[in-house]
Amino acid sequence: MLRYGRSKIFQQFRIGVLGAPFNQGQTKLGVKDGPQTIRNTGFIKKLEELGHDVVDAGDVQPDDGVDGETGPSGEKNHRRVLTYNQKLSEAVRKIREDHRMCITLGGDHSIAIGSVSGHCIGTPHKQLIVLWVDAHADINTGRTSPTGNMHGMPISFLVQELKHKINRLPGSEWPQPSFEVKHLAYIGLRDVDTLEQKYLDDMGILHFGMRDLDKIGLSEAVARCLDHLQPTESRSLHVSFDIDVLDPFEAPSTGTPVRGGLSLREGLSIVEEARNTGRLRGFDLVEVNPTLGTVKDAALTAEAAKAIILSATAGVRG
Ligand SMILES: NC(=[NH2+])NCCC[C@H](N)C(=O)O
Ligand SMILES: [Mn+2]
Ligand SMILES: [Mn+2]
């Protein structure tokens, strides 16, 4: 079996940072303050001190006046979510075309529709592999979703196999799928809806839930994910990290917390292994909502997000 070892060589990264202050994929509106809260931790300055070449491309703002209509299968704010993500995908594409890894700061997890699409179209070979680090599978379609919240649906808009199950905006071809389910793996799942589990099983998607981690251990699960995804020169790795994969004890300020999650150290370990493949070119950090919980909770959550981002990029030096 192929194993990805620890790289000891310091690599200077070219990085672009984008804020995605978007909250229409669910109902807890304070998640739009996520990007600012994460920026306030000073992580960009830290990356620069470590010798990386960082460009902060600012925030992609949602346009005013976009209709909040519900989609044909009950997708709440269907038009707002898709219109915003198309705009976001263009901003991510530009960062990729400037040969930078793109770090996108959410916002709710619906923003991955745009960040992953943009990573794909901005990458010459257009071949993505995706590691979804989350308590949730986020693979609902409008029809299967129990809530209608589109932050629980991004994967369905991104994978080839569900292309005919999703609703695009009338007259629009966007988004087109970015990858096939064989190029997707999950880690950290512990709150998966019944019909989502059926999708995972029927399509044979590799997934490690918390129970699997109890049995085989985290490092084995991460190694199996990376062995399965096989990052190569022509296959860019995208990691979509939902802060709710961490236990609420570590990251309390998030909209859909689920107890029994990862420690911060375990979260760091996942992203360090992803980084050490040398193929990580897209990274989302989503669902930090500083308006939930106390001021101390918000600070703890932001510091966890900072540590995760630094480990995904800075990693080991020397
Ligand atoms: N990105 C998230 N936090 N997603 C939570 C999704 C929860 C639930 N599965 C739903 O579809 O509504
Ligand atoms: Mn989640
Ligand atoms: Mn999520």
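**Close-up views of a predicted model**

**View 1**

**View 2. The eight-stranded open sheet.** The strands follow the order β2-β1-β3-β8-β7-β4-β5-β6, and their pairing is parallel. β2 (53-59) and β6 (206-209) stand at the edges with a single partner strand each, so one side of each has no neighbour in the sheet. From one strand to the next, the twist averages 15 degrees.

View 3. Strand β1, residues 14-20, runs parallel to β2 and is joined to β2 by five bridges. Gly16 has Val55 of β2 as its bridge partner.

**View 4. Helix α8 on the sheet.** Residues 218-229 form helix α8, which packs on the sheet and touches β4 (128-133), β5 (184-189) and β6. The direction of helix α8 makes about 165 degrees with that of β5.

View 5. Together with helix α6 (residues 194-202), strands β5 and β6 make a β-α-β unit that is right-handed. Four bridges pair β5 with β6 in the parallel sense. At Ile187, the bridge partner in β6 is Phe208. Ile187 is also listed among the residues that touch the most other members of the largest nonpolar core.

**View 6. Leu131 in the largest nonpolar core.** This core has 85 residues, and those touching the most other members are Leu18, Leu131, Ile187, Val239, Leu285 and Ala305. Apart from neighbours within four places in sequence, Leu131 is in contact with Ala185, Ile187, Cys225, Leu229, Leu237, Val239 and Ala274.

View 7. Thr141 is found in the loop between β4 and α5 (154-158). With 22 other C-beta atoms within 10 Å, Thr141 is buried, because the cut-off for a buried residue is 20 or more. Neighbours within four places in sequence aside, the contacts of Thr141 are Ser73, Met153, Ser156, Leu162, Lys165 and Ile166. One of these, Lys165, is 24 residues away from Thr141 along the chain, and the two C-alpha atoms are separated by 6.9 Å.

Terms used:
Residues numbered from 1 in each chain as written. Chains lettered and ligands numbered in written order. Predicted model: local features only at pLDDT ≥ 70, side-chain atom pairs only at ≥ 80, totals over all residues. Core = buried A, V, L, I, M, F, W, Y, C linked by C-beta atoms within 7 Å. Buried ≥ 20, exposed ≤ 12 C-beta atoms within 10 Å, placed from the backbone. Contact = placed C-beta atoms within 7 Å. Pairing = 2+ DSSP bridges. Helix = DSSP H or I, 4+ residues; strand = E, 2+ residues; numbered from the N terminus. Axes fitted to C-alpha atoms, helices over the stretch in contact; angles between N-to-C directions. Right-handed = clockwise from strand over helix to strand, strands pointing away.
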